[in-house]
Amino acid sequence: MFRGRYFHTIDPKGRVSIPARFRDALGDGYGGRLVVVPNEHCLEVHPLEEWQRIEAKVRELSVFNPEVKKISRLYISRAKDVDLDAQGRILIPPDSRTEAGLVKEVALVGGGLMQFEIWDRQRFEECDRIHQDYLPTVFEKLSSLGV
């Protein structure tokens with residue numbers, strides 16, 4: 001599980017250091033094989049095994065369903081395999097960096113899930129500022145879910 005916010009930079013070769021706590025989580029049965037996939041705001045980073053679970057669930061759906069085709073074409077097809085190197089970095093492919101708007105300063109964000117996100121730092125801070133007013137609603141939502 002990935003938790004916390006960390007700020008790093010992407011080096012000129014397109015590598016970003018993964019926080020030690022995230023590397024520790026990856027060491028708990030996941031190894032260093034990861035999958036990166038751009039979403040509408042950032043880059044999602046999934047341990048390979050977790051990504052394979054997502055793909056398996058999509059494969060269980062009807063290939064004749066137009067929504068499944070869209071998901072496959074617009075989301076899953078953008079996924080790229082990356083490896084954690086000996087220095088604890090991943091090389092983010094250039095097209096994935098571009099799609100996620102990643103240039104130099106980034107925020108690595110773990111929300112307690114089995115994936116984490118890499119955001120352009122400025123975009124993340126703007127989004128975080130905008131959503132600060134939503135925090136009381138989050139607490140209410142968690143309460144209604146029994147958390």
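The largest pocket has a volume of about 590 Å³, taken as the space filled by probe spheres set on grid points joined across faces, edges and corners. A pocket here is an open set of points on a 1 Å grid over the protein atoms alone, where a 1.4 Å probe fits, with protein on both sides within 12 Å along at least five of seven lines; lining residues have an atom within 4 Å of a point.

This is a predicted model: local features need pLDDT of at least 70, side-chain atom pairs count only at pLDDT 80 or more, and totals for chains, interfaces and linings use all residues. Residues are numbered from 1 along each chain as its sequence is written, and side-chain values use heavy atoms, without hydrogens or water.

The pocket lining has 15 residues. Nearest the centre lie Arg5, Val109, Asp128, Leu135 and Val138. S1, S7, S8, H5 and H6 each supply at least two lining residues. H5 gives the largest share, four residues. Helices (H or I, at least four residues) and strands (E, at least two) are DSSP runs, numbered from the N terminus.

Glu50 touches Tyr30 and Met114, leaving aside residues up to four places away in sequence; contact means heavy atoms within 4.5 Å.
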